[in-house]
Each structure stands twice: as structure tokens, then as C-alpha cells.
Amino acid sequence: VVFVGYGIQAPEYDWDDYKDVDVTGKVVLLMNNDPDWDPDLFAGETRLWYGRWDYKYITAARNGAIGAIIIHTTPSAGYPFQVLQTSNAGKQFELPVGSEPRNEFKSFMVEDAAKELVAMAGMDLDVLREQAYNRDFRPVPLGVTTSIEMDVEIDSVETANVMGLLPGSDAELSDEVVIYTAHHDHLGIGPANDAGDTIYNGAMDNASGVAQILAMARAFKSMPEAPRRSILFLLVGAEEQGLLGSKWYAANPTYHPGKIAANLNFDGGNLWGETRDITYIGLGKTSIDDIVLEIAADQGRVVKPDQFPDRGYFYRSDQFSFARIGVPAMYLDQGMDFIDKPEGWGEEQVNNWTSVHYHQPSDEYDPAWVFDGMIRDAQMGFRAGLIIANADEMPGWTPGDEFEAARLEALADAAE
């Protein structure tokens, strides 16, 4: 076992936790999140993809590690350990193996257990973490060996993305498309809660997102004339297994990435009423900002960036799969400033939902839900897509953004 700090390799920040240490065939132990103490280093408190578990596993495999253990703490993950337990209790899925390296063993470990593991080496986890808080850190072999045996069965199953296309009305622009997404899956059947319920319904996460997409599709279809660009309504599967449905579509798109004008993703919805604000996860990353700001002004609302930046939401839902192939992406989330509610009430509701209902059987329809805010958010999403679909030019990434290079490459390839 080798402790590799954050397990990050980011040349643009002059940061490499692996250095030249060979971890081939070893199990790496690493910290969750990314460095968060300097706003000029990994965007400070805003979690980037470098802080997400999928990046850490991919990077460990790329460096030859046979397995990876991420140390879980609630602050570093943004959710309690029970979310990991319920999210991983049933069958786990991956896309078919290609030529890319894969981990044979992926794991999370609670902090106390990680401390015990490190103590077996005669070391202190807090001391190791302190050493990892700078660029000069080098991996630390613990001198501890382990064998891991899992009694598993491997099945090959098939699921589906569900798509509906509204062809564009402009002869020159109809080969370009605006893609709306929401994931149609949840966790299915899992461990029973205290009430004995084993059905993980996913009413908020993400039947509410699917409902918004269907409502927007109905609205677009009812227009006297279709927008200039085509509109694709894409309900993706296996998001809860690691964005697999959208990842598959991004690798096998029905439109060239350079012809996809934008992705507008809806993952969850506002269940608590109207707000004076709207959360735009990804604000500042693309020229879609101007469109959202214009619509919000018409609605009398304020646009705010991710109000939980430490949780890295931009990299946790399906818009990330599109961003990775260069497609400008928008992810709207509920606001926090609720009308007729005291200050802090909205944050309290969201935090309570995350700790009590997120990835739990209790995420089911509640007659107490108030849909006024969700309707306004869906209206904003509809108008944003309509503006993009009718504009002369497609949106772009903010110069210097992490996904700009992929977009420029896709546009150049589509033009050939």
C-alpha cells in the first residue's frame, strides 16, 4: 500500500502527487477532494474534477496501480458515508472494457479505518496528510501488504438511452443540435431502511428532472414552427453508476461534437417553492451565461454560481460527459433564497434532503412538495434552449476554460 496524497497530476498547477514513483501493481491510498486553501490553486474551495473519485480512480489506473482506496470524510466528500453504502449496495456497472487501463479494486474507507491502516506502518495519517498539502510531496510506501478477495459474478446487461428528436426548421442549421438531458435511472432495490422499505424510487433524483425535460419537449412540439436548430431530448441511463449513459452517448454521439450547440442538463428539481434566485452550476464557464442572465432578469431573479462549490456538482452529473468532448453545458439547480421564508431556510432544506433522503428509499413523492419554483426553472431552461437553437452562432467556452481546447478541436474537425 502506498499513500499518494490527493492522487492528482495537474501540470497546469505544477502539481504531481505521483512524481516518478512506480506504483505498478500496488494499492494506492489517497485523500478525497483537491487542495482548497488557495483560490489560485485548483480554484480554492470550488471542487474541480481533480477532487472527484472518478478522476482519482482513472489516474491511479493510468499510473499502473492495481487498486485504489479513497479516504472518506463527510466534509471532503460533501455527503455522509451512508450515501456510499446505499449507492454501492447492489450490482455495480461499468461500460465494456476498451483499451484504457482499469482498476481491479476500487474502494472508499472511513477515516478511522484509514488511520488504523496507516498506524500498522508505524505512521500517523494526520502527519502524512500534512505532508501532502504542498507540491513537493512524494508518495510514501507504507510497508504494508494486503490481499483482497471478492466473491463476485460478472454479468453482461443492456440498458438504453431514450431519445426524441425535433428536427430544426432551418435548412443550414438543422444539422446542428441543442441537447436536453436528464437521467432516467436511480438505484432500484437495495438495503431496507428503518421502515423496511427497499425501493429506491428516485422521485427527486431524477424523476423530477425527467418530468421537466418532458414538459419542455411538449412545449417545443406545440410551437407553430420548430426552432432553427434541431432539439434532441435525451434521457440517459446509468447516471448513478458513474454517468455511464451520457458517457456512452458522448463516445458514440448521433451528432458530431462540433455540431452540438449546447447541452442543457436537469438533475433534480426545486421541491420547496419559488425563489428570488437561480443556481447556475457552471456560471462563468461559457457564453450561455448571458442568456441565463437575460432570462433571470425577465423573471425578476438573481443568478448565482454553485452555492455548494465544495461539492463539485459540475463534475457529478451528465453535463460533464458533454463538456469533456467540448460541448458548452448548462446545469440549472434550485435557488436558495425562498420567497416568504427566512434567510438560510433554503440551505437548511437542501442540506436536510442530502443527509436524510439522498440515495435513500425516502426519495419518493411527497404531497407536501411545492412545484412553483420548479416550473419557473423549467421555463428558464426552455427559453435558454430556444434562444440557443435560434441564434446565428453557437455558444462557446470562456477563453482559457479547461474545456475550450476540446471545443476548438471538435469545431475544426466538424468543418473538415
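Buried means under 20% relative accessible area and exposed over 50%, with partly exposed in between (1.4 Å probe, protein chains only). All views show a predicted model, where local features need pLDDT of at least 70, side-chain atom pairs count only at pLDDT 80 or more, and totals for chains, interfaces and linings use all residues. Residues are numbered from 1 along each chain as its sequence is written, and side-chain values use heavy atoms, leaving out hydrogens and water.

View 1. His359 lies 97 residues from Ala262 along the chain, and 29 Å separates their C-alpha atoms.

**View 2. Val152 in a loop.** Now to the outside: with a relative accessible area of 56%, Val152 is exposed. The loop that holds Val152 runs between strand S7 (140-141) and strand S8 (162-166).

**View 3. The lining of the largest cavity.** Here you can find Gln212, Phe266, Gly268, Gly269, Asn270, Leu332, Asp333, Gln334, Met374 and Asp377 (on a 1 Å grid over the protein atoms alone, a cavity is a set of points where a 1.4 Å probe fits but cannot get out; lining residues have an atom within 4 Å of a point). Strand S16 (329-333) and helix H11 (372-390) are the elements that each give two or more residues to this lining.

Note on methods. Helices (H or I, at least four residues) and strands (E, at least two) are DSSP runs, numbered from the N terminus. On a 1 Å grid over the protein atoms alone, a cavity is a set of points where a 1.4 Å probe fits but cannot get out, and a pocket is an open set with protein on both sides within 12 Å along at least five of seven lines; lining residues have an atom within 4 Å of a point.
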